[in-house]
Structure formats: structure tokens, C-alpha cells
Amino acid sequence: MAETTSASVSSPTAGDSNWRENKLWKGTFAVAGIMLTLVTYGVLQEKIMRVPYGVNKDYFKYSLFLVFCNRITTSAVSAGALLASKKALDPVAPIYKYCLVSVSNILTTSCQYEALKYVSFPVQTLAKCAKMIPVMVWGTAIMQKRYRETDYLLAFVVTLGCSVFILYPAGTDISPYGRGRENTVWGVLLMLGYLGCDGFTSTFQDKMFKGYNMEIHNQIFYTTLSSCILSLTGLIIQGHLLPAVEFVYIHKDCFFDIALLSTVATASQFFISYTIRTFGALTFATIMTTRQLVSILLSCVWFAHPLSWQQWIGAVIVFGAIYAKSFLRKAPEKTTSVEHVQNGNGNSNNLKENP
């Protein structure tokens, strides 16, 4: 009788140990995947847009071509995932809604790439932390969401830190596409366009997930397919398609960079979805904050970006506020929280980052 009792007591302990070990391996897999793909993505996008190619020092200027390559890769993978899972390829929502997400997503990504012509990658990356404000505005307008006072306070503190970081750059960091303060102003305007469009994209994605019984790969497929068509149309209208193809044909290393950029952008979607579904939005928010910090530090070292002491203060304000909110929060609440806002919205199935 004593042996039976002992066995019944030890069994849960062994099961708990296995569960923790399994969770540890899953966590390691998720963190490693997100860090590897998104940090690599950040380094590649800065290299493509800011580092010249060839002996003639030619710059790649066709940001819409990068959008096209990224989206056609993601579209092909998501279609394969739907076919492999034997799920229907039929659209769940009206096509125009996929196109609306696609248009805002193209504008988001294009503004992100174009901004790199005028501001450094650290400035761009830190500015992304301020996306919670436009998402909160769109969430209130489209979803009738309500946010807590602490969420607005955190958004204000993060925006303040971002403003300090942007307004006090080190004087020696010059854009390769021009000189002077005007370029910084233009880059900030592009980042504001990025934040506004990105806030709308994630909020409308959230509304589509809640309004329709939609698989994540279904939305990815039709959204990216629409993006492929629209970006290709834009390239043809602008007359940039052939020059972009000619550029990557001449500069084989640029072709390799773009192919790798599209690959890691697509792979990151898998790791993002896996992390959110396994560990939730709070853990994902913390990982993404760490990824942004690592990306900034790596960019400063790799591409020799100097940071002023004001920028260091701004970075401490931003990441300190985000980490404090993540670690002080003890349990998930039903009220929409800023961790969800910071990365897009409150739906755990949504795309939190659109490379």
C-alpha cells in the first residue's frame, strides 16, 4: 500500500519535470528562431538599401521590388501549407478586404525600406516601438476597443523616448542618398507613414480574424497574393521592374541578399505564429523587444553607427518602459493591454510583424 502511495506521489513530479523540460526546449526553439530570422532580416534590409554594390558603388533604390520578392515567397509557402494540410484555398472573406490589408501592408513595408535612405537603421527600429499609439487610435476607431490609463501612459513614455532618440542623432551619421538635416525630417515622415499604415494593417487583420472563421495561412495567402499583384503593377507603372531585374542580374551579391531577405522574412512568420500560439502575446512582446534591442546594437557595431548620449538616454527610456510593463504584469487581463498593442492587436492568431 505504501508503494502505491509513493508511486502516485512521484509520478506527478516526473510529469512536471518532463513538462518543464519540454517547455524549455520549445522556448529555446522559439527565441532562437525569432532572433535568427528577424535580426538577419534587419541586417539584410539595411545592407541592401544603404550599402553600395559593385566597383561603381551603385545603390539599390527599388524598395517596391523587395516587397514583391518578399510577398511572392510568402504567398508560395502559405499556399503550400494550405495544400499540405488539405484545407481549401477558397477565400473566406470578401476579396476586397484582403486587398485592403494588402494595400496598407505594401505602404507599410515600402515606407520602412524608403526610410532607410534617410535615417539609420537604429533610428528606424526604435521608432517602431511607438507603433502602439496609431494601433490604439485605429483600435478605438475600427474595433471600438478601450484601453487603460496605464497603457496611454506607457505609450506616451515610449514615444517620448523615441522622440529623444530621433531628434538628437550623432552628427557623423550621414545618409548615403544625400546630406543635411532635411533627410532626417523626410525619414521621420516616412516612419510616421509606416506607423500609421502598420497600425491600420494589424487592426484590420484582427477584425477579419474575429469576423470570419479564418485560418492564419488563408489570410497570409490571399493578402500576400494581392500584394504580389499590386506591387508588380506598381513596378510596371513606375518603370522600375526592368531596372530592378537588371540591377540584381549585374550584381549577383544583391540577388543573393534579396533571396535571403525573402527567405528569412517568410520563415519569421512561422516562428512568430508558433511563439504566440505556444506562449502567448506577453512572452512574444518581450522576445520582440529584446530582438529590437539586439538589432540596434548589432547595426551600430556592424555598420558603425555612432550614437549620441541623448540617444542612449532615449533608448533606455523606451526599452526600460517596455520591459517594466512586461515584467510587472502578473497575469493576463481581459482588457486590451499594451503588450498586444505594441505588436499589433489582441488576437493571438494575428500576424504581429510584417517584414
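Me: Which residue lies over the face of Y249?
Reply: A charge sits over a ring if NZ of Lys or CZ of Arg is within 6 Å of the ring centre and within 35 degrees of the ring normal. Here the distance from the ring centre of Y249 is 4.5 Å. The residue over that face is K252.

Me: What do these values rest on?
Reply: This is a predicted model: local features need pLDDT of at least 70, side-chain atom pairs count only at pLDDT 80 or more, and totals for chains, interfaces and linings use all residues. Residues are numbered from 1 along each chain as its sequence is written, and side-chain values use heavy atoms, without hydrogens and water.

Me: How many salt bridges does the count come to?
Reply: The rule asks for a side-chain nitrogen of Lys or Arg within 4 Å of a carboxyl oxygen of Asp or Glu. D257 and K47 meet it, with their closest N and O atoms 2.7 Å apart. The count comes to 1.

Me: How many residues apart in sequence are the parts that D257 and K47 tie together?
Reply: D257 belongs to helix α10 (residues 252-279) and K47 to helix α1 (residues 2-50). Helices here are DSSP runs (H or I, at least four residues), numbered from the N terminus. So the pair joins parts whose separation in sequence is 210 residues.

Me: Is D257 buried or exposed?
Reply: Buried means under 20% relative accessible area, exposed over 50%, and partly exposed in between (1.4 Å probe, protein chains only). K47 has 28%, so K47 counts as partly exposed. D257 has 6%, so D257 is buried.

Me: What kind of aromatic pair do Y53 and F247 form?
Reply: Rings of Phe, Tyr and Trp (its six-membered ring) pair if their centres lie within 6.5 Å; planes under 30 degrees apart count as stacked, over 60 as edge-to-face and the rest as tilted. Y53 and F247 have centres 6.0 Å apart and planes at 85°. Both residues are buried. The pair is edge-to-face.

Me: Which residues do ring pairs link into a cluster?
Reply: F60 and Y62 form an edge-to-face pair, 5.5 Å centre to centre. F60 is buried at 0% relative accessible area. The cluster is Y53, F60, Y62, F65 and F247.

Me: How far apart are the end C-alpha atoms of helix α2?
Reply: α2 has 22 residues (63-84). The expected span is 1.5 Å times one less than the number of residues, which gives 32 Å for α2. The computed distance agrees: 32 Å.

Methods
Helix = DSSP H or I, 4+ residues; strand = E, 2+ residues; numbered from the N terminus.
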